[in-house]
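Visitor: Please show me the model and walk me through it.

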Amino acid sequence: MAPRGRILAVSAAVCILTLLCSHGAPVSPMGAHLMLCQPHLTCGDKFYDPLQHCCYDDAVVPLGRTQKCGNCTFRVCFEQCCFWSLRSQESFMVKVKGQSCSLALSPDDRLCRSVG
């Protein structure tokens, strides 16, 4: 190969490497595919990832959020606090979320005393 041909080949290789190794801004955001394929729900006008958060009282909260229910603590994403009247004594009961509070006491429920 003549010196002129080598210079042309080296220049072409440098051009190609420069194009391949450039760190310019991508046309689409990194991880766009992941963003579109993740499950997302809405809570009011906000989106949230149900693998990390839930919607409680029209607010996005972490899955581990707890709250008081009488003298008990319940996980707001998985349980609910129900008012319960037992022999003229007012108390509360923690039930699995989605169960009706009017259902009879089940083995999964926790009876909680009223505080105060």
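Guide: A disulfide here is a pair of cysteine sulfur atoms within 2.5 Å. This is a predicted model, where local features need pLDDT of at least 70, side-chain atom pairs count only at pLDDT 80 or more, and totals for chains, interfaces and linings use all residues. Residues are numbered from 1 along each chain as its sequence is written, and side-chain values use heavy atoms, with hydrogens and water left out.

Visitor: What is the handedness of the link between Cys82 and Cys101?

Guide: The sulfur atoms of Cys82 and Cys101 lie 2.0 Å apart. Cys82 is in strand S7, while Cys101 is in the loop between strand S8 (89-96) and S9, 19 residues apart. Strands are DSSP runs of E with at least two residues, helices are runs of H or I with at least four, and both are numbered from the N terminus. The angle about the S-S bond is -60 degrees, and the link is left-handed.

Visitor: Is Cys101 buried, partly exposed or exposed?

Guide: Buried means under 20% relative accessible area, exposed over 50%, and partly exposed in between, with a 1.4 Å probe and protein chains only. Cys101 has 29% relative accessibility, so Cys101 is partly exposed.

Visitor: How many residues apart in sequence are the parts that Cys72 and Cys112 tie together?

Guide: Cys72 and Cys112 form a disulfide with sulfur atoms 2.1 Å apart. At -110 degrees about the S-S bond, this link is left-handed. Cys72 lies in strand S6 and Cys112 in strand S9 (residues 110-113), so the tied parts are separated in sequence by 40 residues.

Visitor: How many residues make up the largest nonpolar core?

Guide: A nonpolar core is a set of buried Ala, Val, Leu, Ile, Met, Phe, Trp, Tyr and Cys residues joined through side-chain atoms within 4.5 Å. Cys112 qualifies as buried because its relative accessibility is 2%. The core includes Cys112, Cys72, Cys54, Cys77 and Phe74.

Visitor: What class of aromatic pair do Phe83 and Phe92 form?

Guide: Rings of Phe, Tyr and Trp (its six-membered ring) pair if their centres lie within 6.5 Å; planes under 30 degrees apart count as stacked, over 60 as edge-to-face and the rest as tilted. The count comes to one aromatic pair. The centres of Phe83 and Phe92 are 6.1 Å apart and the planes stand at 80 degrees, so the pair is edge-to-face.
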